[in-house]
Amino acid sequence: MESEIIQIKTDRVEKTRIHEVDFNNIPFGREFSDHMFMADYKNGKWCDFRIEQYRPIEYKPAMLGLHYGQTIFEGMKAYRNIDGEIMMFRPTDNFERLNRSAIRMCMPTIPVDLMMEALRELIRIDSEWVPKDTESALYIRPFMFATDEFLGVKPSETYRCIMFTGPVGPYYKTPLKVMVEEHYTRAPKGGTGSAKAGGNYGGALYPTKLAQEKGYHQILWTDSFEHKYIEESGTMNVMFQIGETLVTPPTGDTILQGITRDSVLRLATDMGIAVEERRISIDEIKLEHGRGQLNDAFGVGTAATIAPIELIGYRGEDMVLPSIDGRVLSKKIADGLKAIRYGEVADPYGWMVSMN
Ligand SMILES: *Cc1c(COP(=O)(O)O)cnc(C)c1O
């Protein structure tokens with residue numbers, strides 16, 4: 001197939017809102033840059049590529065996506081490196097995952113090249129919104145939803161893809177208290193857990209609220225069959241340091257293929273740390289904790305990068321982990337990743353993509 005030249009129609013705002021933002025104290029997910037990218041899918045193809053003001057959009061109440069959950073999203077970040085250049089971290093992996101989510105939800109895929117070009121243009125126009133310190137970044141939210149005005153339960157024939165951005169500061173400020181969940185399930189085998197599909201997150205809110213009422217921040221999800229094996233923590237992949245070994249459950253149907261997870265495993269391996277991808281039972285965690293071998297536990301994902309877990313609640317008892325200050329391994333990996341992202345060291349992996 002011949003590749004078509006992508007025309008993105010751009011309509012810039014007359015007046016920026018950037019002066020309303022306090023870049024020294026950016027709340028997560030509440031500040032949005034001036035512009036957004038939009039594209040529509042109709043008659044079997046993507047069209048009407050445009051960048052315009054970030055603003056309300058209007059839909060009819062019968063819009064399919066609002067009723068039956070054909071909605072997917074991605075989350076990624078742009079960093080301003082120490083030379084002032086704007087860099088993305090593995091952006092094509094996110095767009096490829098968006099397409100895997102699309103396939104699972106019976107939605108159309110969107111060319112990675114198109115999304116990369118749109119992202120480049122969007123970041124070029126809103127470049128001032130990329131924070132200038134090495135604790136912050138520009139969060140990017142691509143998403144897609146069904147737009148047919150129809151109430152039958154069937155795949156929509158029309159869709160919209162939007163990508164907007166917003167500056168973010170450091171994510172989790174406090175170490176996490178997580179609770180092992182033995183009743184509710186995030187993702188059953190054969191379900192949609194490997195897709196970033198809206199319903200997965202909506203379904204997790206209620207059990208998370210119950211855990212929060214008991215004093216925890218997040219749930220440590222277990223498998224849907226036996227509630228015995230650890231899967232993810234909240235909306236992050238999860239890793240443990242048992243003895244000197246870094247252990248994490250393998251991705252699949254029920255565990256999302258995190259890009260941070262993949263990067264951490266790669267970095268750890270190259271740092272000479274022993275890495276194991278295998279199932280981890282809560283019994284094993286309990287045993288190793290009792291033997292003093294559970295040295296570290298943390299969530300990994302784009303928003304937080306590495307979120308240390310300070311305690312794990314299981315059947316009413318709390319397993320307290322070693323103090324956060326003494327966590328050598330996860331700190332070394334977090335620092336290594338940060339140094340690559342902000343250009344403090346060379347990137348030997350080809351992960352960083354210049355947006356200039
Ligand atoms: C997005 C997400 C992650 C982390 O993925 P990254 O690519 O590292 O951001 C992990 N688990 C779930 C359920 C997620 O939605």
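**Exercise 1.** By class, what residues does the lining of the largest cavity have?

*Solution.* A word on the ground rules: this is a predicted model, where local features need pLDDT of at least 70, side-chain atom pairs count only at pLDDT 80 or more, and totals for chains, interfaces and linings use all residues. Numbering runs from 1 along each chain as its sequence is written, and side-chain values use heavy atoms, with hydrogens and water left out.

Step 1: sort out the terms. On a 1 Å grid over the protein atoms alone, a cavity is a set of points where a 1.4 Å probe fits but cannot get out; a pocket is an open set with protein on both sides within 12 Å along at least five of seven lines; lining residues have an atom within 4 Å of a point.

Step 2: list the lining. M76, K77, Y79, F89, N94, I259, T260, T302 and R341 line the largest cavity.

Step 3: sort by class. Ala, Val, Leu, Ile, Met, Phe, Trp, Tyr, Cys and Pro count as nonpolar, Asp, Glu, Lys and Arg as charged, and the others, Gly among them, as polar. That gives four nonpolar, three polar and two charged residues for this lining.

**Exercise 2.** Work out where the ligand sits and what touches it.

*Solution.* Step 1: find the space. The ligand takes up the largest pocket (to sit there, more than half of its atoms must lie within 2 Å of the grid points). That pocket has a volume of about 880 Å³ (the space filled by probe spheres set on the points, which are joined across faces, edges and corners). Among its 40 lining residues, F73, R141, Y171, Y201 and T235 are the closest to the centre.

Step 1: look at who supplies the lining. α4 (198-213) has the largest share, at six residues.

Step 2: pick out polar contacts (pairs of N or O atoms within 3.5 Å). Side-chain polar atoms lie 2.7 Å from a ligand oxygen for K196, 2.4 Å for Y201 and 2.6 Å for T260. The protein covers 96% of the 380 Å² of accessible area that the ligand has on its own (Shrake-Rupley method, 1.4 Å probe).

Note on methods: A polar contact is a pair of N or O atoms within 3.5 Å; within protein, one must be able to donate a hydrogen and the other to accept it, and residues adjacent in sequence count only if both atoms are side-chain atoms. Helices (H or I, at least four residues) and strands (E, at least two) are DSSP runs, numbered from the N terminus.
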